[in-house]
Amino acid sequence: MAGKLMHALQYDRYGGGAAGLKHVEVPVPAPKKDEVLLKIEAISVNPFDWKIQKGVSPLLPRRFPHIPGTDVAGEVLEVGARVKNFKTGDKVVAFLTHASGGALAEFAVAKESLTVIRPPEVSAAEAAGLPVAALTAHEALTKTAGIKLDGSVKQANILITAASGGVGHYAVQLAKLGNTHVTATCGARNIEFVKRLGADEVLDYKTPEGEALKSPSGRRYDAVIHCATGIPWSSFEPNLSENGKVIDLTPGVSAIITWALKKLTFSKKQLVPLIATPKGENLDFVIKLVKEGKLKTVIDSKHPLSKAEDAWAKSIESHATGKIIVEP
């Protein structure tokens, strides 16, 4: 592929939203020793992609111009000299890291350690939804909330906010694989959808009950998988069990302050900021769940790469049900 050009979208400064994305022709990247070169079949857009563009972290992206996006499914075209687990022609799903990005393109390079085989039963679009969203839900539930997905611990009461979104719709399904009672919040139009995912109780977040986050059956939450934004600690605290914790997936300054205060005062109720770290073995675990029919990627919409800015704009609007997919 040396010397060939590919179609990609990139931005060269912070800000600009969807209008800041430029369609360009750039060289196809060459894989390093521990990387594979992929022909991309599907990409998913995550909120963190456009938050990086907005400048949420001075360390991201690594450099400008930047091709954004991290979640891809595709076919292996070349393997680096040290790659042992993949060969040309393998169908895979991969996470590209937020620092390097590279997803919104026809080709991308991925680290072998963050790439896994995609079973033929799982479509490219279904697989591309998984890396950031499903792995964030998985880490929040298993590592932070202590839920065993085989149901082997005593029942836990879980609240999932923004349960119809990318992370939320996976969190509901994964939580129900464990021994959990799930209360969920979402907009009125998605209540039946979230019930079909397996939630036991669903609240319209715009109603007084939804704003109060009260379980209709009067349960106190052992853990909250908090996928929404703008809900103060004071709304969660009265609804938590004695040792309940709120796992904040998009922690801002106020969340960090609350976390520190709770630590300093030895509070049994905790706020836990979570910045998920995608791992290859966890990606392999969730894609096997999809293959077995225990987890599904719900696709909100599909957009061609030539109109990827529409997918970007839709994600910024924050009204997607499930995952937004781009296809080259």
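This is a predicted model: local features need pLDDT of at least 70, side-chain atom pairs count only at pLDDT 80 or more; totals for chains, interfaces and linings use all residues.
**Domains and their interface**

- Contact between them involves 9 residues of domain 1 and 11 residues of domain 2.
- About 650 Å² of area is buried between domain 1 and domain 2. Carbon and sulfur atoms give 50% of that area.
- On the domain 1 side, Val298, Thr321 and Lys323 lose the most area to domain 2. Together these residues make up 57% of what that side buries.
- Between domain 1 and domain 2 there are 4 residue pairs in polar contact, both residues at pLDDT 80 or more. The count of salt bridges between the domains is 0.

**Helix H3**

- Helix H3 covers residues 133–144, 12 residues in all. From its first C-alpha to its last, H3 reaches 16 Å, close to the 16 Å expected at 1.5 Å a residue.
- H3 is largely enclosed by the rest of the structure, because 10 of its 12 residues are buried.
- The buried residues of H3 are Ala133, Ala134, Leu135, Thr136, Ala137, His138, Glu139, Ala140, Leu141 and Thr144.
- Gly146 follows H3 and has a positive phi, near 75°.

**Helix H9**

- Helix H9 (residues 280–291) has 12 residues, which should span 16 Å at 1.5 Å a residue. Its end C-alpha atoms are 17 Å apart, which agrees.
- Gly280, Leu283, Val286, Ile287, Leu289 and Val290 are buried in H9.
- In an α-helix, residues three or four places apart point the same way, because there are 3.6 residues a turn.
- The cover over the buried residues of H9 includes S5, strand S7 (115–117), helix H2 (124–128), H3 and helix H4 (166–177).
- Just after H9 comes Gly293, with a positive phi of about 80°.

**Asp90**

- Asp90 sits in the loop between strand S4 (71–79) and strand S5 (91–95).
- Asp90 counts as buried because its relative accessibility is 11%, and buried means under 20%.
- A polar atom of the Asp90 side chain lies 2.9 Å from the backbone nitrogen of Lys87.
- Leaving aside neighbours within four places in sequence, Asp90 is in contact with Gly74, Glu75, Val76, Asn85 and Ile117.

Definitions and conventions. Residues are numbered from 1 along each chain as its sequence is written. Side-chain values use heavy atoms; hydrogens and water are left out. Helices (H or I, at least four residues) and strands (E, at least two) are DSSP runs, numbered from the N terminus. The expected span of a helix is 1.5 Å times one less than its number of residues. Buried means under 20% relative accessible area, exposed over 50%, partly exposed in between (1.4 Å probe, protein chains only). Contact means heavy atoms within 4.5 Å. Buried area is the accessible area (1.4 Å probe) that two parts lose on being put together, summed over both. A salt bridge is a side-chain nitrogen of Lys or Arg within 4 Å of a carboxyl oxygen of Asp or Glu. A polar contact is a pair of N or O atoms within 3.5 Å; within protein, one must be able to donate a hydrogen and the other to accept it, and residues adjacent in sequence count only if both atoms are side-chain atoms.
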